[in-house]
Amino acid sequence: MTDVPMQMQQDTTNERFRGGSPLVDLLSRGGLAIAILAVLIYGSLASPVFFTAGNFVNVLTSMAIVGIVVVGMTFVLVVGGLADLSVPATIACGAILSLALQPVIGPVPAFAAAIALAGFCGLMSGLLIGYIGINPIIATLGVGTIVLGIVQAAVGGVIVYGTNPDTAALVKSRVFGIPTIVLIFLAVAVVGHFVLSRSYWGRWTVATGGNYSAAEASAVPVRAVKAGAFVITALCSGLSGALLGLTLQSARPLVGTGYEFSAITAVVVGGISIMGGFGSVPRAIAGLVFVQLLTNVMVLQGVRTPVQGFVLGLLIAGAVALDVALRRRGGA
Amino acid sequence: MSAAATALRMRGISKTFPGVKALSNVNLTVEFGRVHAIVGENGAGKSTLMKVLSGTYLPTTGTTEIAGVEVRMRKPADAQKLGVRMVHQELNLVPDLTVAENVYLGRMPRKWGLADKAAMVRDTEVILNELGAAIDPKARLGDLSISQQQLVEIAKAYAAKPRIIVLDEPTSSLSEHETAALFRILRKMKQEGIAIIYISHRLKEVLEIADDVTILRDGSMIDTRPADGITAAEMIRLMVGREVTNVFPKTPSDIGAPVLKVIGLGDGYNFRDVSFEVRSGEILGLTGLVGAGRTELARAIFGLARATEGRIEIGGKAVTIKSPAAAMRAGIAYVPEDRKDDGIVPSLSVRENISLPVLRKLSRFGRVSMSADRKLADRYTKEFSIVPPDPERRISLLSGGNQQKAVISKWLSASPSVLILDEPTRGVDVGAKAEIHRIIGELVAGGMAVVMISSELPEVLGVCDRVVVMRDGHAAAPVERAALSEERIMALATGEEAA
Amino acid sequence: MTPIARLVRYRVAVILGLTLLVASLTVPGFLSVTTLSLGLDRSAAIGIIAIGMTVLLIARQIDLSVGSTFALAGITAVMLQPAIGIWPAALAGVLAGAAAGAFNGLLSVVFKVNALVATLATMLIFRSVAHWLTDSQPVPGTDIMLSLALSKIYLEIFTLRSALFVGAILLLHFWLTRTVAGRNLFAVGSNADAAEASGIAPGRTVFLAFVFAGTLAGVAGVLQSLTTNTGSPVFGAELIVTVIAAVVVGGTRIEGGRGSALGTLGGVLTIAALTTAMEFQSVPAYIQQVVAGLILILLVVLDRTVRHGPRTHAAAGASG
């Protein structure tokens, strides 16, 4: 038996925000809030356009689509599922089918069918990961490739255009000045937050990510919970893709490229460990807000796209390295 | 080998972690060719001291001399160069390499600059033969049983021709036979002049093998004595600093009707044709050597593993159990053997751990009722005096004994009629042990049926009403407590007495 | 070993054989030297990167940034041509790859960032640098003739890069199975704590594995740029899926500790044969994707589900 008192032998990957100096504690708890505040202050000083309602609505609109995916991706990381790399495929599935099926079954059923099919793809990944035990990276990569291929084959491998302008108008409409698409994102976020933090499914998700075998021995249906996270992500990205398709009124097969990385970036910058076991939707969205605001400031400042990418990349690496460092100091 | 008789002299060793003093001013002298046991309760500082010796920790103060030369070890490799080898309690082997490659890990022989596999296999075979272990050097390590792996770990340390060898609880996964073989090996090493440091909770073994005994308590050295002049009772007194009269108090309870009946259960591999019944108010002991199939049997009853033959009856009705959830519905609960791996979710609070199995019952429309959740946690925190009495505390911050109490509470929240406890007191200190026994006593007094798996024979004899001894996957008929002795159990477990 | 278990163990060879058989029956002239040579040459870039990825996966790491490193190294090699000449520039390109790998290693080993996250970030960083340097435009090289020379076929089947690939993978096989360092790599990937306790430095091993993977991605990128006489910031954007698929199809485990160079060779050749055959049959690219994805999933599922005999709880835990 180890003689070091329990405080010292905890699993440091799971141990956060307890003990350590008050400064470390403050930094790891409030670091993100401070960073967001800093960007807000810098942006307001640097650009007259930044701190305006119009600009914020723009930021919100551009983060709504990826934000919906972020909500799902949070479940995947928390449950210990590493990452869902099939997001580009499920987004394409949502976008292409919601447009392609419009003439056949009407706009609303097309919308629903697109999301349902995306969810079915998530179910496939989920079964492979949760029930057969395939590594999530491999499973989602494989399923993503297959799904994207099938969707393209179904529409003949071409760009699909919308046939119903009314739906585009609906998606682009505003309620009290807030774009509908933003409201949908907020609704998804609220539901996601409730499920993860208040429902038994959410507690199961955290427990499965925290210690799979202990959760299994506590009668938690771990396989289903793990699979469920991928279904949730697929439903989210299906919805995201359908909204994207309706907004653009056209859908290429590669429409979803990069969304998986943006979503993972947001969740990771939000301080949620890729090893699973803890995390919340608001944290992930805070990460997203920070990334989006920073990008927005860079765009307003005329920073070139490659430089933006460079800064964002450094940011992810830096944020995680800092988080790891704080956690180690906080844990010891 | 150095001419000096003193292999190791540690002087004034202290080790401070932020907020905790793990070792204070410990002196330890070990001679070549002797077995030096170190005993102490959990948290007494044994492992920390050995981590200083193995170069994992740098001591805050103090000096270490090996064969009369003062040394400073900053990493395990330094200690290994000086001839110090550890046999860890947690296996330190690589599952994907072969047995031979594991034995020579970190110091593989080379030929033409390449790994000399033939030499490794040959030499490993020789060493394993010397140790009396029938293991194929070319087998993949991960395919071996745990006790075989333990022997490989010992072979690995021995193959390095160490001057000092440290064994940390080496017998915890060994059978009686294998333990006897290990002791033969240790005596042989002794004759070769190797200094052996032997850490164990099993005082009987300590008395059998050790020449000297050092007792640690709360990070301080209490005494070093020759093993000849000390008894187990005296060691316990020095370890805990008080006289322990009755380690295993037994509360009498009324034994009623059979609750769980296992008939001809088997998984075709780990256990076969196992039958027994447990009555309400009864504690049934399930013992035997490690690897006899006890844990696999328990996991199958609880739906964590699949049984391929036989059936299970609860209250006279046959039940099908394919998952822990189904077991829970049938009224069976299981506290697993490995608390850290299977018992707790470290990132959750005590409250969240306790309510995990019954979460759905505490929910309406999918939402967990916080008040019901808190009430449950408060109740068990009080009832079992979990320390600190704060259910919102992260469970990983609790001591082993308190974590175990929380794990037991977790299952009581599901109000089972049968509770299966797998090594419930392993790795908890004497005080917490007594408390866990008291809790179990109260549960059976309340009419619950308890199956307790334990390797610790005094515990089995002290606590259980009847005992089933398992050997090689087969279960002997239950024996009444009155007809039992440690010797009789060992005879059944090793096959010297036919079941 | 049961016949099924044996079939599973050598599944790469089986699948490769089946692919070649079906392809030769359905595609006229598939087994001709020209076709094979072409297929081999086209798979060389993937293959060279897959060598580095095999080493990383065995060490229980992953590098998602190899595609970006591939582009960056190629751009370096082409852009420096006017200043320092073709061969020094090529060397500089390879070194750029090594530097990229070292950066990944630094993040992963020193800053303890999970490899998946670290290389996700550097994938973005390296790609951005590539766009930054080139203003998102392809850069032409100075010597068009060189690309023709590089495409020359030796011994009827090998081009320079396909020979390099096959040679390197045989070397890797030898290194992994015979050298102490190779065995230590498996030890680190299988149980880093045990390796460290035995005096092996896992941090150093992992760092070097990243540098190795970066260097090979660099080599592949430089060869690509020289062969096409172009450095482009969009080169290699879709590589990563194919590379990981090839390595995993070859039986290397993404959880570390298990893998083989010959398996990777089989995986790369299988995917090359499939792609070539389907292109000859004018199968649309998206159908090719479906087939490749199905093979990947099928092989991984086979690997997971077919095991020999039941195991004890403890043994299963120790290996899982």
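**View 1. Strand β10 of chain B has both of its faces covered.** In this predicted model, B:A195, B:I197 and B:I199 lie on one side of the strand and B:I196 and B:Y198 lie on the other, and all of these residues are buried. Because five of the five residues of β10(B), which spans residues 195–199, are buried, the strand is largely enclosed by the rest of the structure.

**View 2. Strands β3 and β9 of chain B each pair with β10(B) in the parallel sense.** Strand β3 of chain B, made of residues 35–39, is joined to β10(B) by four bridges, and here B:I38 has B:I199 as its bridge partner. Strand β9 of chain B, made of residues 164–168, is joined to β10(B) by five bridges, and B:I165 has B:I196 as its bridge partner. Together with helix α6 of chain B, residues 176–191, the strands β9(B) and β10(B) make a right-handed β-α-β unit.

**View 3. Chain B is divided into two domains.** Domain 1 covers residues 6–240 and domain 2 covers residues 258–494, and the centres of these two domains of chain B, taken over C-alpha atoms, are separated by 33 Å.

**View 4. Chain A meets chain C through contacts between 35 residues of chain A and 37 residues of chain C.** On the side of chain A that touches chain C, the elements giving two or more residues are α5 (107–132), α6 (136–155), α12 (259–269) and α14 (305–331) of chain A. Of these, α14(A) gives the most, with twelve residues. The residues on this side of chain A divide into 26 nonpolar, nine polar and no charged.

Definitions and conventions
Residues numbered from 1 in each chain as written. Chains lettered and ligands numbered in written order. Predicted model: local features only at pLDDT ≥ 70, side-chain atom pairs only at ≥ 80, totals over all residues. Contact = placed C-beta atoms within 7 Å. Nonpolar A, V, L, I, M, F, W, Y, C, P; charged D, E, K, R; others polar. Domains from an automatic or database assignment. Buried ≥ 20, exposed ≤ 12 C-beta atoms within 10 Å, placed from the backbone. Pairing = 2+ DSSP bridges. Right-handed = clockwise from strand over helix to strand, strands pointing away.
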